[in-house]
Amino acid sequence: MTQATASRTATASFKGLKCKECGAEYEPQALHVCEFCFGPLEVSYDFSELSRTITREQIESGPNSIWRYRSFLPVTSDDPIDVGTGMTPLVKSNRLARRLGLKHLYIKNDAVNMPTLSFKDRVVSVALTRARELGFTTVSCASTGNLANSTAAIATRAGLDCCVFIPSDLEAGKVMGTLIYGPTVMSVEGNYDQVNRLCSEVANTQGWGFVNINLRPYYSEGSKTLGYEVAEQLGWELPDHIVAPLASGSLFTKIYKGFQEFVQVGLVDQKDVRFSGAQAEGCSPIAQAFREGRDFIDPIKPNTIAKSIAIGNPADGVYALDIARKTNGNIESVTDAEIIDGIKLLAETEGIFTETAGGTTVAVLKKLVEAGKIDPDEKTVVYITGNGLKTQEAVQGYVGEPLTIEPKLDSFERALERSRTLERLDWQPVLV
Ligand SMILES: *Cc1c(COP(=O)(O)O)cnc(C)c1O
Ligand SMILES: [Zn+2]
């Protein structure tokens with residue numbers, strides 16, 4: 001297929017916006033709430049033509065980024081902002097799998113997503129491409145940390161002005177990882193939910209493109225690529241079970257949507273994928289609702305080290321609940337201590353250093369396996385969404401210390417002997 005035909009198909013399916021609750025339709029503008037019922041708006045597509053034309057080969061020969069799936073994304077331009085986001089490794093786990101007693105475990109490693117080492121680069125690449133199409137010159141966001149990193153970095157690449165809002169208690173790595181790109185950073189004395197409320201007001205007064213507020217319908221579609229990539233990387237097949245972290249619940253619902261769309265256009269066979277979600281106990285409004293059999297969310301005030309997923313009033317919580325229930329999945333929560341153990345477990349078995357959100361997800365994976373809620377034979381994918389170098393405070397004091405020595409051979413040999421003695425003292429049998 002020639003480039004010209006590819007770009008025609010690329011823009012054919014994206015139609016407009018549609019209310020998830022009442023179905024009211026809107027032009028594809030910067031709008032996220034239904035004017036009739038206040039329900040959330042979602043991008044609508046017509047995949048009928050794409051179903052006839054799209055092939056696996058066509059996607060495989062596309063760019064090595066999320067933009068290989070451009071015809072499934074809500075943009076019209078031929079030159080989307082491509083900063084190499086996406087196509088992160090899907091790693092077949094051996095040592096973690098054996099430790100947990102799973103036979104087919106895969107790790108989707110967005111800890112190395114480009115350019116800012118979290119899955120948020122996906123949603124921001126899509127949102128800023130759309131922001132540019134809609135004529136915005138200043139972009140913004142309400143962030144739990146990673147989103148500010150992504151928005152600031154990708155805005156710079158796109159030549160857009162940027163002002164981001166973060167809660168004032170974020171980890172140093174998240175703050176520095178935003179400031180370095182030179183945006184205006186508003187550090188708000190309040191939690192994420194308060195930051196978000198403030199931003200909704202600013203969005204109405206400043207005319208800025210807020211990636212996760214007035215551009216939210218476009219932004220959230222970027223997470224579908226986490227579904228597409230896993231399907232493609234498994235050899236054009238869906239997994240049996242996925243485990244992913246829940247903050248607003250958006251990412252979780254969009255992995256589901258991504259799988260469904262690939263089935264709909266005939267790229268993969270239908271399969272009943274089970275969806276399990278992970279939260280930190282100190283911020284687990286969705287897990288609580290799941291446990292109590294409720295179909296509404298009781299907002300809570302977050303208190304956990306897993307700050308990147310600490311959203312007390314999750315916008316897509318009810319949709320995430322619904323998906324976990326109808327797919328026969330689960331939503332579980334784990335303590336901060338279990339989160340730290342989860343970070344260490346992944347690092348020590350697979351050589352992947354994830355942040356607190358990933359620690360949460362690994363700890364929930366372990367908890368679900370131990371409770372018999374994941375079958376050892378299921379092809380299970382665990383989504384690691386962020387990088388541990390950004391949340392070093394979380395594991396400070398829970399890892400060893402370097403051995404300080406003089407630049408002399410005997411000093412080294414004494415230190416080595418000491419460390420072996422220490423190792424023998426707290427040696428524990430390890431299964432792998
Ligand atoms: C934002 C974030 C999430 C969850 O995002 P939602 O789509 O709001 O549920 C998960 N992991 C990391 C590292 C994040 O930054
Ligand atoms: Zn509506």
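This report looks at a ligand site and a few selected residues in a predicted model.

Residues are numbered from 1 along each chain as written, and chains are lettered from A and ligands numbered from 1 in the order in which they are written.

## The annotated site

An unreviewed UniProt entry marks Asn146 and Thr385 as "binding site". UniProt positions follow the numbering used here, feature names are shortened, and annotations may be inferred rather than shown by experiment.

Helices and strands are DSSP runs, numbered from the N terminus: a helix (H or I) has at least four residues, a strand (E) at least two. Asn146 belongs to helix H6, residues 146-158. Thr385 sits in the loop between strand E13 (379-384) and helix H16 (409-425). Lys120 is part of helix H5, residues 120-133.

Are these residues buried or exposed? Buried means under 20% relative accessible area, exposed over 50%, and partly exposed in between, with a 1.4 Å probe and protein chains only. Asn146 counts as buried because its relative accessibility is 4%. Thr385 is buried too, at 6%. Lys120 has 13%, so Lys120 is buried.

Contact means heavy atoms within 4.5 Å. Leaving aside neighbours within four places in sequence, Asn146 is in contact with several residues, including Ser118, Lys120 and Lys174. On the same terms, Thr385 touches Asp110, Ser118, Phe119, Pro245, Leu251 and Ala357. Lys120 touches Asn146, Leu147, Ser150 and Tyr219, again not counting residues up to four places away.

## Around ligand 1

A residue is near a molecule if one of its heavy atoms lies within 4 Å of it. Of the 15 residues around ligand 1, Lys120, Asn146, Ser248, Leu251 and Thr385 come nearest.

| Residue | Protein atom | Ligand 1 atom | Distance |
|---|---|---|---|
| Lys120 | side-chain N or O | oxygen | 2.8 Å |
| Gly249 | backbone N or O | oxygen | 3.0 Å |
| Thr385 | polar side-chain atom | nitrogen | 2.7 Å |

How much of the accessible area of ligand 1 does the protein cover? The protein covers 97% of the 380 Å² that ligand 1 has on its own. Accessible areas come from the Shrake-Rupley method with a 1.4 Å probe; for residues, only the protein chains shown count as cover.

Glu229 lies in helix H10, residues 224-233. Glu229 counts as buried because its relative accessibility is 0%. Its side chain makes a polar contact of 2.7 Å with the side chain of Lys108. The side chain of Arg122 also pairs with Glu229, at 2.8 Å. Within protein, one atom of a polar contact must be able to donate a hydrogen and the other to accept it, and residues adjacent in sequence count only if both atoms are side-chain atoms.

Arg294 is in the loop between helix H12 (285-291) and helix H13 (317-326). Its relative accessibility is 12%, so Arg294 counts as buried. Beyond neighbours within four places in sequence, Arg294 is in contact with Gln288, Ala289, Leu321 and Arg325. Arg294 and Lys20 are 274 residues apart along the chain, and their C-alpha atoms are separated by 20 Å.

Methods:
This is a predicted model: local features need pLDDT of at least 70, side-chain atom pairs count only at pLDDT 80 or more; totals for chains, interfaces and linings use all residues. Side-chain values use heavy atoms; hydrogens and water are left out. A polar contact is a pair of N or O atoms within 3.5 Å; within protein, one must be able to donate a hydrogen and the other to accept it, and residues adjacent in sequence count only if both atoms are side-chain atoms.
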